[in-house]
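User: I'd like to go through this model and ask what stands behind the words used for it. Could you take me through it?

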Amino acid sequence: MNIPLVDLITQYQNIRDEILPAIEHVMSSAQFILGEDVSLFETEFAHYCGVKHCIGVASGTDALHLSLRALDVGPGDEVITAGNTFIATALAISFAGATPVFVDVSKNDFNIDVNLIESAITDHTKAIIPVHLYGQPADMDAIMLLARKHNLKVIEDACQAHGARYKDRPAGSIGDAGCFSFYPGKNLGAYGDGGAIITNDANLADKIRLLRQYGQQEKNVHLVLGYNSRLDTLQAAILRVKLNHLEQWNEKRRNIAQTYRELLSDTELVLPLEKPDVNHVYHLFVIQHEQRDQLNATLKAKGVFCGIHYPQPLHQQRPYHHTRTVPDGLPVATELTAKILSLPMFPEISENQIGIVVQAIKDFCA
């Protein structure tokens, strides 16, 4: 039996009878761009996240980029973010013309170390992008306190945290804007690319709507330099179906994580910590092992497919070799990249499959 990191085929088979009519409705209406399902999904996702506004865009990367542009972040500005995130977070900053500054992370939860953020702030700092990595929210109270103190904007990168909560507040709803990706493997994933921005700021929402649609409010009347970054109607229709299942899927992920913890507690693995003031949604279940590469190879040989998220901290990626890091070299993030391994995690994984994963790990450890 091969056990994938993510199983989207089984998920589709389980909801096929809901998905196909939603697709057929869009195809029959021929409303492929900004059709009714887009506005309906935006309303429903805003309600789910406890905010007033949601704007669908083409990807999570675009969500971050357009949020920065709408908040007037650009050339000459610096934006602080975690050094161990997917490169899209940094690319969005670069696309806006700003300069990323990478801050090291906490060993406990993989998220940005809030105790280091203030030392990264300069006269050029304009915003902070905390990343809710792997589905666990960063320490938003401390981040918002720093942002208010230094008059900084906060954009939450919630691209891996659909449905996560920080002190009973939905991830993405706390900062000036929250950004989501609907890449297929996400907890709430489309069948292609897609993204969204949520906010309680009506003026900011209006600016983002202009930016995503060529800078126009009405056809061929362009008010600003805009982009072509729209959530497809087809993807919105699919996301509306899946949104109805998200809470149940997230609860299954949490149960799977607990099962992994119980069954692997007697091994030398370092298991992921869930902080007491958050609701982790386990987009990924990331363990640590000193012999990660050997463990990964052994599991793969037995048909258990894992992932590494991510194999290099951002300052070691070629486009960012000369980027400022705090502290120099990001020692924690760099150390973690040699140890982390993402185990198979998807709501449809069976007890038998979990048992195979666990036994393969225990055989290696023995």
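This is a predicted model: local features need pLDDT of at least 70, side-chain atom pairs count only at pLDDT 80 or more; totals for chains, interfaces and linings use all residues.

## Helices that cross

Analyst: Let's start with helix H3 (residues 60-70) and helix H4 (residues 87-95), whose axes come within 8 Å and cross at roughly 35°. The axes are lines fitted to C-alpha atoms, for helices over the stretch in contact, with angles from 0 to 180 degrees between N-to-C directions. Helices (H or I, at least four residues) and strands (E, at least two) are DSSP runs, numbered from the N terminus. Residues are numbered from 1 along each chain as its sequence is written, and side-chain values use heavy atoms, with hydrogens and water left out.

User: Which hand does the crossing of H3 and H4 have, and which residues make the contact?

Analyst: H3 passes H4 in a right-handed crossing, the term for a near helix turned clockwise from the far one by less than a right angle, with anticlockwise being left-handed. H3 brings Thr61, Leu64, His65 and Leu68, and H4 brings Ala88, Thr89, Ala92, Ile93 and Phe95. Contact here means heavy atoms within 4.5 Å. By class, the contact splits into 6 nonpolar, 3 polar and no charged residues. Nonpolar covers Ala, Val, Leu, Ile, Met, Phe, Trp, Tyr, Cys and Pro; charged covers Asp, Glu, Lys and Arg; the others, Gly among them, are polar.

User: How do the axes of H9 and H12 cross, and which residues meet there?

Analyst: Helix H9 (residues 246-264) and helix H12 (residues 351-365) have axes that come within 11 Å and cross at roughly 35°, and this crossing is right-handed. Ile256, Thr259, Tyr260, Leu263 and Leu264 of H9 meet Ile354, Val357, Val358, Ile361 and Lys362 of H12. That contact has 8 nonpolar, 1 polar and 1 charged residues.

## Rings and cores

User: Why is the pair of Tyr282 and Phe285 called tilted?

Analyst: A search of the whole structure finds 11 aromatic pairs. In the pair of Tyr282 and Phe285 the ring centres are 6.1 Å apart and the planes stand at 35°, so this pair is tilted. Centres must lie within 6.5 Å for a pair; planes under 30 degrees apart count as stacked, over 60 as edge-to-face, and the rest as tilted. Elsewhere, Phe41, Phe45, Tyr48, Phe180 and Phe182 form one aromatic cluster.

User: What makes a set of residues a nonpolar core, and which members of the largest one touch the most others?

Analyst: It takes buried Ala, Val, Leu, Ile, Met, Phe, Trp, Tyr and Cys residues joined through side-chain atoms within 4.5 Å. The largest core has 39 residues, and Ile80, Phe110, Ile112, Ile117, Tyr134, Met140 and Ile143 touch the most other members. Elements that each supply at least two residues include strand E2 (78-82), strand E3 (99-103) and helix H6 (140-150). H6 gives the most, with 5 residues. Apart from this core lies another, of 24 residues, among them Leu68, Ala70, Cys179 and Ile197.

User: How do you know whether His283 is buried or exposed?

Analyst: His283 has 11% relative accessibility, so it counts as buried; the cut-offs are under 20% relative accessible area for buried, over 50% for exposed, and partly exposed in between (1.4 Å probe, protein chains only). His283 sits in the loop between strand E12 (278-279) and strand E13 (285-288). Its contacts beyond four places in sequence include Tyr134, Gln160, Arg253 and Met345.

User: And Met1, buried or exposed?

Analyst: Met1 comes out at 58%, so it counts as exposed. Met1 still touches Lys302, Gly303, Asn352, Gln353 and Ile356.

User: Which form does the peptide bond from His309 to Tyr310 take?

Analyst: The bond from His309 to Tyr310 is cis, with omega near 15°. Val326 and Pro327 are also joined by a cis peptide bond, with omega about -10°.

Key:
Rings of Phe, Tyr and Trp (its six-membered ring) pair if their centres lie within 6.5 Å; planes under 30 degrees apart count as stacked, over 60 as edge-to-face and the rest as tilted.
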